[in-house]
Amino acid sequence: ERLRGRSTAVASFATPLRRPLPYPPCSTRTMDIFTIGLLTSCVLTLGLTVRARQGAQTTKVASPEFKRFQQAFLIVYYIAMTADWLQGPYVYALYSSYGFSKHDIAVLFIGGFGASMIFGTFAGVLSDKLGRKRSCIAYCVLYIISCATKHAKDYNTLMLGRVTGGIATSLLFSAFDSWMVCEHNVRGFDPAQLGDTFSLMYFGNSLCAIVSGIVAQWAADRKALTQIGSGQWHYGGYCTPFDLSAVCLV
């Protein structure tokens, strides 16, 4: 009996691990706590932002031209950041659903972060030479290419998407800010009003992240990941947030 028990234990240990079951749905109480915490954080963030803006206001009243300029820039900036937030949480999930190992996924992430690290060292200089407007357009084009590659269950294609996405990320966090500051100074607006624009940028970015996460999860749950014919291309599932991101960038 002892030998039989040991052999059974060894056999069960040698059996390949099954895929873990999906996480159980959150209880109503858990969701209520999460909702209350989220709303409380939003209210506190809004209050701190309003107080910081009031303390940073200058005695000079903002002109209608400045308000139009600020609103036009913020709309474009929020859309660009929303495109980034839509896809961020689902990169690993998509690679995993394609069946790649953790090592292969890690290499893909290294390729993207490495491209961002290398290109980021001279992204600012390149924006000054090529033009900040062209750099912002290049961000959109590169990120659209990155989103398109996510539909392919091909390692080399996905690596290409990681590289273009890494370069686009460097442009996102350099070209838009410098373009706004340059235009602000060229148009002769009060330099002290830059703080007001940056405050709205970062506060709105937080809201974009929250809304993007909710919308992306809703979109990913609409349809399961589906293969197109017998090829390597797929649609639905975790590909959907990347499609929404591409739409924002068009």
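This report covers the annotated spans, aromatic contacts, salt bridges and one surface patch of the structure above.

The model is predicted: local features need pLDDT of at least 70, side-chain atom pairs count only at pLDDT 80 or more, and totals for chains, interfaces and linings use all residues. Residues are numbered from 1 along each chain as its sequence is written, and side-chain values use heavy atoms, with hydrogens and water left out.

**Annotated spans**

An unreviewed UniProt entry places "transmembrane region" at residues 33–52, 72–93, 105–126, 159–180 and 200–220. UniProt annotations may be inferred rather than shown by experiment. Residues 159–180 are 91% helix and 0% strand, with end C-alpha atoms 32 Å apart. Residues 200–220 are 100% helix and 0% strand, and their end C-alpha atoms lie 29 Å apart. Helices here are DSSP runs (H or I, at least four residues), and strands are E runs of at least two, numbered from the N terminus.

**Aromatic contacts**

The whole structure holds 11 aromatic pairs. Rings of Phe, Tyr and Trp (its six-membered ring) pair if their centres lie within 6.5 Å; planes under 30 degrees apart are stacked, over 60 edge-to-face, the rest tilted. Two of these pairs share tyrosine 77.

| Pair | Centre to centre | Between planes | Class |
|---|---|---|---|
| Phenylalanine 73 – tyrosine 77 | 5.8 Å | 25° | stacked |
| Tyrosine 77 – tyrosine 78 | 6.3 Å | 55° | tilted |

Phenylalanine 73 and tyrosine 77 are four residues apart in helix H3 (residues 64–87), so about one helical turn separates them. Both are buried (under 20% relative accessible area; exposed is over 50%, partly exposed in between; 1.4 Å probe, protein chains only). Tyrosine 77 has 3% relative accessibility. Tyrosine 78, at 22%, is partly exposed.

Elsewhere, ring pairs link Phe66, Phe69 and Phe189 into a cluster. Arginine 162 lies over the face of phenylalanine 109, 4.7 Å from the ring centre. Arginine 162 also lies over phenylalanine 113, at 5.6 Å. The rule: NZ of Lys or CZ of Arg within 6 Å of the ring centre and within 35 degrees of the ring normal.

**Salt bridges**

There are two salt bridges (side-chain nitrogen of Lys or Arg within 4 Å of a carboxyl oxygen of Asp or Glu). Arginine 68 pairs with glutamate 65 at 3.8 Å. Both lie in helix H3, three residues apart. Arginine 68 is exposed at 51%; glutamate 65 is partly exposed at 43%. Glutamate 183 meets arginine 187 at 3.3 Å, N to O.
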